[in-house]
Amino acid sequence: MILKLQKIYVANIHLFKFKTLWINVRTKGIRNNMSRILLFGNCGFSIHKKAKINLNNGHLALNRYITKKDPFVGNIELYEYAEVTVQNTFFFHSGCDIMVFKNAKLNLGSGYINRYAKIRCYSTITIGHDVAISENVTIWDSDTHAIVGKEDQMTQPVTIGNQVWIGANVTILKGVTIGDGAVIAAGTVVTKSIPAHCLAAGIPAKVIKENVNWK
């Protein structure tokens with residue numbers, strides 16, 4: 001019995017860290033089915049007392065290391081009335097840098113974003129289920145500055161569908177919808193929506209192949 005308890009403790013040691021306990025206790029939101037916010041390695045956080053993290057049926061893992069020697073610092077910041085909602089387990093690997101600004105909503109399905117993810121959510125960013133997102137991916141739903149006369153276009157929602165594969169060093173900008181099953185090639189800058197099951201590449205992104213499936 002003691003050996004079994006020791007194994008459980010080792011497998012879940014990150015749950016017993018003070019920062020992990022603190023972020024779960026002090027952060028508002030719904031937690032279903034023993035769901036938890038998990039902090040790995042050197043991960044900082046700044047969460048406004050009126051912000052929320054909702055976990056429906058899984059965990060939100062932040063700064064999860066690929067190797068235990070990963071030195072990279074992770075960070076998550078939620079401003080007043082910001083809200084993160086996670087449907088199933090979602091992983092942000094080491095070096096993640098996530099900012100959800102006042103009244104904004106970050107909606108996550110399931111899957112992962114690899115090292116050095118950068119997310120800037122000013123309005124709404126939605127990422128679907130079973131996504132595979134590679135290193136150095138940047139997602140912004142706002143220009144943060146406006147062209148005179150086009151102020152209403154400065155911030156527009158971003159939606160990434162289910163089972164989307166996004167390669168390394170991709171930038172996804174405001175107003176973009178990426179359809180289910182799409183593949184975005186490494187180094188692509190996505191400025192316009194990409195249909196489902198298409199392969200897109202280039203700066204700016206263009207569809208180069210249709211009826212694509214991946215596994």
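This is a predicted model: local features need pLDDT of at least 70, side-chain atom pairs count only at pLDDT 80 or more; totals for chains, interfaces and linings use all residues.

Me: How does S21 pair with S22, parallel or antiparallel?
Reply: Antiparallel, over three bridges. S21 covers residues 199–201, and Ala201 stands opposite Lys206 in S22.

Me: Switching to Asn63. Where is it found, and is it buried or exposed?
Reply: Asn63 is in strand S4 (residues 60–64). Its relative accessible area is 2%, so Asn63 is buried.

Me: What does the side chain of Asn63 reach?
Reply: It reaches the backbone nitrogen of Gly95 at 2.7 Å. A polar atom of the Asn63 side chain also lies 3.2 Å from the backbone nitrogen of Gly74. Leaving out residues up to four places away in sequence, Asn63 touches a list of residues including Phe40, Cys43, Phe72 and Cys96.

Me: And Glu80, where is its place?
Reply: Glu80 is in the loop between strand S5 (74–78) and strand S6 (83–86). With 24% relative accessibility, Glu80 counts as partly exposed. Setting aside neighbours within four places in sequence, Glu80 is in contact with His48, Lys50, Lys102 and Asn103.

Me: New topic: how many aromatic pairs does the structure hold?
Reply: Eight. One of them is Phe18 with Trp22, which is stacked, at 6.3 Å centre to centre and 10° between the planes. Both lie in helix H2 (residues 18–26), four residues apart, about one turn of the helix. Phe18 counts as exposed at 63% relative accessibility, while Trp22 counts as partly exposed at 41%.

Me: Why is the pair of Trp165 and Trp214 tilted?
Reply: Because the planes are at 45°, with the ring centres 5.4 Å apart. Trp165 is in strand S16 (residues 165–166) and Trp214 in the segment after S22, so this pair ties together parts 49 residues apart in sequence.

Me: Which residues do ring pairs link into a cluster?
Reply: Tyr79, Phe101, Tyr122 and Trp140.

Me: Last one: what sits over the ring of Phe91?
Reply: The charged end of Arg64, 4.3 Å from the ring centre.

How values were computed
Residues are numbered from 1 along each chain as its sequence is written. Side-chain values use heavy atoms; hydrogens and water are left out. Two strands pair if DSSP finds at least two bridges between them. Helices (H or I, at least four residues) and strands (E, at least two) are DSSP runs, numbered from the N terminus. Buried means under 20% relative accessible area, exposed over 50%, partly exposed in between (1.4 Å probe, protein chains only). A polar contact is a pair of N or O atoms within 3.5 Å; within protein, one must be able to donate a hydrogen and the other to accept it, and residues adjacent in sequence count only if both atoms are side-chain atoms. Contact means heavy atoms within 4.5 Å. Rings of Phe, Tyr and Trp (its six-membered ring) pair if their centres lie within 6.5 Å; planes under 30 degrees apart count as stacked, over 60 as edge-to-face and the rest as tilted. A charge sits over a ring if NZ of Lys or CZ of Arg is within 6 Å of the ring centre and within 35 degrees of the ring normal.
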